[in-house]
Amino acid sequence: MSVFISVVVAAYNEEAVIEQFYERTARVLESISPDYEILVVNDGSRDSTAAKVRALHQKDARVKLVDLSRNFGKEIAMSAGLDFASGEVVVVTDADLQDPPELITEMLAKWREGYDTVYATRTLREGETALKKLTAGLFYRIMNQFSRTQIPEDTGDFRLMSRRTVQALRLLREENRFMKGVFTWVGFNQVGIPYERAPRAAGETKWNYWRLLNFAIEGITSFSYVPLQISTYVGVITAIFAFLYAGFLIIRTLLFGIDVPGYASLMVAILFFSGCQLTFLGIIGEYLGRMFEEIKRRPLYLVQEVLGLEPNSPQVLLRPKP
């Protein structure tokens, strides 16, 4: 039975690999079904990524382009691709070919068994440093301890989803998006399949440790308020110890007279409590900042060009032809 497949790929400065991605992905899709589309979301690339996608569209009309007006970030770009994808099943992947398109065949078999989401779990991460592997594993453990939404460990964005899952995802329009959590949050029948992740086929990674740290903070604050609870608990416990110590000082003074404490211990106490206060104010600020972004109700993205698609969204702002 033929099925229409949409492959959504967010691309940012991927000129070195986008053609290779198309050739390899199209070869796999042709072996499955003649009905498919490869929907490339150009996330404000500064290189010739968009131009190469246009050239691929001229060669194969099943290659389609959503060109965002600027760089909105991978999470938003994936969301834009899901908004425009029209397939009965939708595959989300990266352009760097670290996630092998050959796995789509196995994903589709699981979908035919009745699963709505088939995600790929990494058993091997080639081309990544030991530090990155360690911090990635630590992030998943912390995230699942803090959040009620349990994210599968060592699982990225590479997955196949049914139509109803995509429709559910379209209902979620928060601006601060952590897609790994959102994919899990919508529920339905989900299953994982193992695979070995290869190094990038070409180009350079866009993720450095600073961006990964911010991404981790985004994930935790999007799906958990445990950091706020921790600050409350620490504040209450600290207050209890402070009251107990104050009582001890009063009793000691009444019994033994006035005693001047040492300067060093006083400074340590001041610095400790000041550090706690600033840390917890920072945590509160992270949540307030996200609330500030949400209440403005701006559109998730703006599109300056679509190719092979109908501009049926109010977020598509095409340049008028002269």
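A residue is called partly exposed when its relative accessible area falls between the buried limit of under 20% and the exposed limit of over 50%. By that criterion Glu-30, with a relative accessible area of 40%, is partly exposed. The model on display is predicted.

**First selection: Glu-30 and Arg-62.** Select both side chains. They form a salt bridge in which the closest N and O atoms are 2.6 Å apart. Glu-30 belongs to helix H1 (residues 18-32), while Arg-62 sits in the loop between helix H2 (49-59) and strand S3 (63-68); the two residues are 32 residues apart. Arg-62 is partly exposed, at 25% relative accessibility.

Begin with Asp-94 and Lys-74, whose salt bridge has its closest N and O atoms 3.0 Å apart. Lys-74 lies in helix H3 (residues 74-84) and Asp-94 in strand S4 (residues 89-94), so this pair ties together parts 20 residues apart in sequence. Next, show Asp-157, which meets Lys-74 in a salt bridge of 3.0 Å, N to O. Asp-157 is in strand S6 (residues 155-162) and Lys-74 in helix H3, so the pair connects parts 83 residues apart in sequence. Asp-94 counts as buried at 12% relative accessibility, and Asp-157 counts as buried at 6%. In total, the structure holds 11 salt bridges.

Select Tyr-233, Val-236, Ile-237, Ile-240, Phe-241 and Leu-244, which make a nonpolar surface patch of about 640 Å². Tyr-233 lies in helix H9 (residues 226-256) and is exposed, with a relative accessible area of 52%.

Terms used. Residues are numbered from 1 along each chain as its sequence is written. This is a predicted model: local features need pLDDT of at least 70, side-chain atom pairs count only at pLDDT 80 or more; totals for chains, interfaces and linings use all residues. Side-chain values use heavy atoms; hydrogens and water are left out. Patches are made of residues with over 30% relative accessible area and no salt bridge: like charges are joined within 9 Å, nonpolar side chains (Val, Leu, Ile, Met, Phe, Trp, Tyr) within 5 Å. Accessible areas come from the Shrake-Rupley method with a 1.4 Å probe; for residues, only the protein chains shown count as cover. A salt bridge is a side-chain nitrogen of Lys or Arg within 4 Å of a carboxyl oxygen of Asp or Glu. Helices (H or I, at least four residues) and strands (E, at least two) are DSSP runs, numbered from the N terminus. Buried means under 20% relative accessible area, exposed over 50%, partly exposed in between (1.4 Å probe, protein chains only).
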